[in-house]
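I opened the model and kept short notes on what I looked up. The entries follow in the order I made them.

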Amino acid sequence: MRVVNAEQMRQIEERAIHQYGIPSLLLMENAAWAVVEEIRRGLVQKEGSLSGLKAVILVGKGNNGGDGLAVARHLAFQGMDVSVLLFAGAEELKGDAALNLRLYQGTAGKCFIIEGEKQRLLARFALAQADVIVDALYGIGMRGALPSLIEEYVNEVNNASAWVVSVDIPSGVEANTGNVYRTAIRAQTTVTFGLPKWGLFLGEGPDYCGRVAVDPISIPEEFLGDESISTYVLTDDTISAMLPVRGLKGHKGTHGKGVLVAGSKGMSGAACLAGRGALRSGVGLLQIITPQGIAQDVDASLTEATVWSAPGQDYLNEEAWPVILRQGEKAQAMAIGPGLAQNPQFVGVLEQVLRIFSFPIILDADALNLISQELGLLEARNGRGPLILTPHPGEMARLCQCSVKDVERNRLDLALTKAVEWEAVVVLKGSVTIVASPDGRAFFNPTGNPGLGTGGTGDVLTGSILAWLAQGVQPLEAACLGVYLHGKSADDLANDYGWSGFMASEVADRLPIVRRSLELKLG
């Protein structure tokens with residue numbers, strides 16, 4: 001599914017109105033119905049009926065407020081006790097929003113114009129009693145901080161016990177960046193229209209939007225599928241289509257050979273977890289190259305892999321190259337970095353790997369940290385074969401010679417810019433991981449949860465991507481498969497454990513289960 005910024009969404013809506021002839025009022029009505037249906041499904045399932053339940057709708061003066069007024073009208077017609085808190089004078093509403101105010105005034109619902117402190121107690125009382133609060137204050141055109149008067153009511157909403165539903169995007173969250181200045185509505189559900197917006201996945205957006213429901217509001221698919229839009233959100237359907245299909249005559253040789261260069265003294269677990277991620281993702285043959293001082297431990301912990309010891313008691317050094325070259329000759333992919341340690345003597349080996357091998361290579365963890373000290377090494381790869389980099393924000397900051405704050409503030413732009421510059425697929429990890437391609441496309445990953453914030457989960461991800469590459473999946477799709485299934489495994493575990501307490505090894509072990517669920521869904 002494509003993801004858009006505010007300007008792209010406005011252009012799509014304009015085309016639908018002027019080229020396809022869809023009245024703007026109909027788009028507003030469809031948007032309202034999408035919100036009402038979401039509320040109806042949630043409350044009827046919980047309460048049995050909408051009749052008599054209380055709804056408070058916060059309404060601004062723009063089109064987002066017009067959507068909210070249409071929602072209020074439909075909820076009133078369905079028997080709810082509806083109160084509209086209007087943060088504008090009636091004369092400030094224009095066009096479709098003004099018409100929806102007049103239509104709402106014909107219902108039994110109440111409308112209070114919020115002008116200052118005297119309405120504060122009334123609004124507080126209404127919000128405290130509400131079963132659902134609908135945020136229709138500001139839409140995708142908002143920039144900067146909320147007005148101080150609005151902020152006071154936003155804080156009241158965020159402290160209320162009601163179910164909070166935002167219309168298109170939570171008020172206070174910028175649609176293009178996800179930035180929040182001081183405060184914003186913290187929704188449990190956001191119903192977004194046409195296509196999801198960047199801000200739902202960037203910055204602080206994911207912390208405020210809750211569950212995101214997308215409704216096309218009758219905009220034609222030909223407009224929503226505009227090829228000029230190059231940002232996407234990964235879904236079950238798109239990932240299912242990327243999964244390779246195995247034939248009955250398949251064997252370990254046809255399922256790919258992957259080489260993993262990993263581990264150092266005290267970090268043998270990183271090599272084992274990356275290997276476990278690869279094996280659980282279906283690699284046919286896994287060859288692990290690790291320092292001789294820990295090779296026996298890795299071998300004992302991961303019996304399904306073949307472990308090759310390379311010179312170096314504690315860390316891999318320049319003498320590891322002959323072992324890597326020999327094992328790489330018949331490989332389909334290689335990953336370097338988990339638990340590697342930052343031994344300067346290994347830099348020359350990295351350069352050789354990048355220059356010599358034409359199959360896909362993944363650089364992760366300490367391989368990235370070594371590269372950040374010798375950025376010119378990436379030029380050794382240009383035109384020689386596919387490359388995937390998997391930095392977390394700290395590693396990305398070192399690679400880009402900027403601060404972590406700069407990375408977090410410009411995640412999408414930075415990932416895309418560097419993917420093009422480095423001629424590599426960049427997997428910028430985070431609460432919403434971004435997979436950026438050198439062809440200018442970028443994918444937001446919606447799976448995963450804070451439970452992944454524990455040691456070793458990144459190693460599992462590297463191993464998983466390695467396995468997909470070895471099985472012949474193209475680099476961009478292999479990165480998407482790895483990221484999505486890794487996050488989905490964590491989501492599956494969260495059903496049992498919540499957002500803490502599960503281990504990286506359990507994430508690896510859940511990978512084939514979630515993959516199988518998608519294969520069954522695909523049929």
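I began with C209 and looked for a partner for its sulfur. The closest cysteine sulfur, in C480, is 20 Å away, which is too far for a bond. I had to recall that a disulfide is a covalent bond between the sulfur atoms of two cysteines. The cut-off I used is a pair of cysteine sulfur atoms within 2.5 Å. Searching the whole structure, I found zero disulfides.

I noted that this is a predicted model, in which local features need pLDDT of at least 70 and side-chain atom pairs count only at pLDDT 80 or more, while totals for chains, interfaces and linings use all residues. Residues are numbered from 1 along each chain as its sequence is written, and side-chain values use heavy atoms, with hydrogens and water left out.

Next I checked burial (buried is under 20% relative accessible area, exposed over 50%, partly exposed in between, with a 1.4 Å probe and protein chains only). C209 is buried at 3% relative accessibility. C272 is buried too, at 12%. For the chain, 57% of the 523 residues count as buried.

Then I looked at K429. This lysine sits in the loop between strand 15 (425-428) and strand 16 (434-436). I took helices (H or I, at least four residues) and strands (E, at least two) as DSSP runs, numbered from the N terminus. Is K429 buried or exposed? K429 is buried, with a relative accessible area of 14%. Leaving out residues up to four places away in sequence, I listed its contacts (heavy atoms within 4.5 Å); among them are D364, H392, R411 and L461.

I also looked up two residues other than glycine with positive phi. R182 has phi near 75° and lies in the loop between strand 5 (163-167) and strand 6 (189-193). At 64% relative accessibility, R182 is exposed. I217 has phi near 45° and lies in the loop between strand 7 (211-215) and helix 8 (221-224). I217 is buried, at 3%.

Last, I noted the chain as a whole. I counted 20 helices and 17 strands. The C-alpha trace spans about 80 × 45 × 45 Å along its principal axes. Of the contacts with a separation of 6 or more, 72% come from residues 24 or more positions apart.
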